[in-house]
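Please look over the sequence and the model below before reading on. The paragraphs that follow go through the domains, the sheets, the chain contact and a few single residues.

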Amino acid sequence: MKKIYLDYVATNPLHPEVLDAMLPYFNELYGNPLSIYEPGMKARTALEQARESTASLINAKSKEIIFTASGAEANNFALKGIAYANQSKGKHLIVSKIEHHSILNTARFLEKQGFAVTYLPADKNGTVNPSDVEKAVTKETILISVIHASPEIGTIESIAEIGAIAKQKGIIIHTDAVASVGNIPVDVNSLNVDLLSFAAHQFYGPKGAAALYVREGTRIVPLIYGGIQEGGRRAGTENVPAIVGMGKAAELAKRDLQKRIDHVKALRDKLIENTSRIDKILLTGHPQLRLPGHASFVVEYIEGEAMLLLLAAKGIYCASGSACSSKALKASPVLLSIGVPSHVAQGSVVFTLGQETTEEDIQYFNETFPQIISRLRQISPYAKGWEGTEDSTCTAKK
Amino acid sequence: MNEHTQLKFLNAPINADSTTDIIYMMCPMHLLTIEEKIREIKNGQVLSILTDYDGALEDIPAWCNKTGNEFMGIYEDSDHYKFYIKKTKELP
């Protein structure tokens with residue numbers, strides 16, 4: 001049976017050149033970068049080279065890169081670190097409702113610590129309106145954090161515009177760019193951001209290596225205290241093989257970015273075009289301003305999990321959106337916040353394409369997915385409509 | 001704290017040739033940073049270190065004493081200290 005991986009937003013396979021770059025650091029080059037003898041110095045040199053190419057991918061300086069173990073850690077670090085560093089100036093933060101849980105839950109934690117948080121809405125396409133950000137600013141606002149691109153609905157936000165507002169008002173701005181870095185061009189200067197989170201496994205690098213960009217001169221309270229690693233801002237012996245892998249993956253992403261975009265976008269457009277012909281199915285997120293390899297839908301009258309299982313049985317691997325939907329069987333907060341009714345949000349399904357995706361894969365998908373929907377709708381208790389649900393008048397519009 | 005490392009508080013900040021901000025960084029970042037930054041300035045120039053680490057009150061004057069550089073004093077700002085060091089000796 002064919003195996004088709006359409007869940008690149010969950011993680012990417014490791015690029016073979018990345019693996020080759022990492023392998024020596026599991027074997028002979030095992031030194032601790034802080035050690036002053038030769039094996040340590042070699043590890044340190046590799047670490048600093050990785051920092052340079054990682055910085056270059058987002059047009060930052062290498063000293064502005066703090067390596068972390070995950071995008072979630074980078075997001076926690078950004079919010080807590082900036083909130084604590086600036087609490088004498090004010091205790092108000094602004095985030096959007098369509099953030100990743102590593103932002104939303106950190107914001108909720110900070111609320112319990114005495115900070116006030118404004119959660120901004122997004123429109124039906126998942127776009128946060130920059131003027132809403134401006135209106136939410138108070139004299140107490142110390143941080144704005146808006147996601148660059150949603151892994152769930154693919155929408156790319158107007159960060160440059162929001163960043164310009166923050167800059168003009170003298171407020172620090174962070175963006176969670178985990179889903180975007182390596183997939184679309186990202187430049188910290190044209191985005192006008194002070195902090196930016198990104199992770200290697202979203203651009204064919206390894207898991208366990210990610211980074212927080214912190215603009216030079218921005219004070220931040222460390223999340224992890226201990227040694228002098230990462231300039232004293234993130235203690236702990238560095239995961240040298242993974243960081244070396246991140247550096248190599250960043251170098252390849254920078255070199256091949258446009259080629260990668262062209263490849264996935266052409267195939268993604270075919271997938272969206274074909275899938276949109278199915279009755280009672282709605283593309284979620286922005287129709288144009290979205291990640292190039294990203295297609296997300298809500299399918300009426302059936303559940304996302306059922307689609308996932310039947311697709312997996314046909315060798316197609318994809319996701320149903322957030323962990324809320326796939327693990328807790330709750331409606332996704334992101335979909336609810338963009339106005340998708342909760343019963344429709346249950347039918348969420350997300351397909352994300354990558355460099356290994358082929359024309360044949362999409363053709364096979366395009367033949368298989370309509371059959372699966374049709375089969376599930378035959379056994380759905382709502383096959384004839386939403387009568388009896390909490391909002392039977394509201395259906396996805398084609 | 002010995003006789004050579006007595007604290008000297010200033011009433012006003014001093015103009016420095018180089019300033020480095022390590023607020024929220026803990027030990028030993030203040031000492032590593034001084035070493036790095038003092039190498040970047042010329043003899044006679046002034047380095048300012050901004051830190052909120054209390055241990056620096058003892059460590060920075062002691063470092064100056066040990067390395068033969070002039071500890072000019074500390075200005076206590078609202079939530080951090082400003083340490084001033086005049087470079088009077090090249091580090092080995």
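**Domains, sheets and single residues**

In chain A, 22 residues of domain 1 are in contact with 23 residues of domain 2, where two residues are in contact if their C-beta atoms, placed from the backbone, lie within 7 Å. On the side of domain 1 of chain A that touches domain 2 of chain A, the elements giving two or more residues are H7, E10 and helix H10 (333-337) of chain A; helices (H or I, at least four residues) and strands (E, at least two) are DSSP runs, numbered from the N terminus. The residues on that side of domain 1 of chain A divide into 10 nonpolar, 11 polar and one charged, with Ala, Val, Leu, Ile, Met, Phe, Trp, Tyr, Cys and Pro counted as nonpolar, Asp, Glu, Lys and Arg as charged, and the others, Gly among them, as polar. Domain 1 of chain A takes in 4-10 + 257-379, and domain 2 takes in 16-253, with bounds that come from an automatic or database domain assignment. Between the C-alpha centres of domain 1 of chain A and domain 2 of chain A the separation is 27 Å.

This is a predicted model, in which local features need pLDDT of at least 70 and side-chain atom pairs count only at pLDDT 80 or more, while totals for chains, interfaces and linings use all residues. Residues are numbered from 1 along each chain as its sequence is written, and chains are lettered from A and ligands numbered from 1 in the order in which they are written. Chain A has an average pLDDT of 94, and 95% of the residues score at least 70, pLDDT being the predictor's confidence in each residue, from 0 to 100. Over residues 392-398 of chain A, however, pLDDT stays under 50, and for this stretch the model has 14 contacts beyond four places in sequence.

An open sheet of three strands in chain A has the order E9-E10-E12, with antiparallel pairing; two strands pair if DSSP finds at least two bridges between them. Strand E9 (281-283) and strand E12 (348-352) of chain A each have a single partner strand and stand at the edges, so one side of each is left without a neighbour in the sheet. From one strand to the next the twist averages 25°, with axes taken as lines fitted to C-alpha atoms, for helices over the stretch in contact, and angles running from 0 to 180 degrees between N-to-C directions. Helix H7 (residues 240-275) of chain A packs on this sheet and touches E9, E10 and E12 of chain A, its direction making about 15° with that of E10(A). Strand E10 (residues 294-299) of chain A is joined to E12(A) by five bridges, and the two run antiparallel; A:Ala295 has A:Phe351 as its bridge partner in E12(A).

A:Leu289 sits in the loop between E9 and E10 of chain A, and A:Leu289 is partly exposed because 15 other C-beta atoms lie within 10 Å, on a scale where a residue is buried if 20 or more other C-beta atoms lie within 10 Å of its own, exposed if 12 or fewer, and partly exposed in between, with C-beta atoms placed from the backbone. Not counting residues up to four places away in sequence, A:Leu289 touches A:Thr155 and A:Ile156. A:Tyr301 lies in the loop between E10 and helix H8 (304-313) of chain A and counts as buried, with 22 C-beta neighbours inside 10 Å. The phi of A:Tyr301 is near 75°, a positive value in a residue other than glycine. Most residues other than glycine have a negative phi, and most peptide bonds are trans.

In chain B, four strands form an open sheet in the order E1-E2-E4-E3, and the pairing is mixed. Strand E2 (residues 46-51) and strand E4 (residues 81-86) of chain B pair in the antiparallel sense over six bridges, with B:Leu47 opposite B:Ile85 in E4(B). Helix H1 (residues 29-40) of chain B lies across E1, E2 and E4 of chain B, running at about 155° to E2(B). In the loop between E1 and H1 of chain B lies B:Pro28, and the peptide bond from B:Cys27 to B:Pro28 is cis, with omega near 5°.

The contact between the chains takes nine residues from chain B and nine residues from chain A. By class, the side of chain B that touches chain A has seven nonpolar, no polar and two charged residues.
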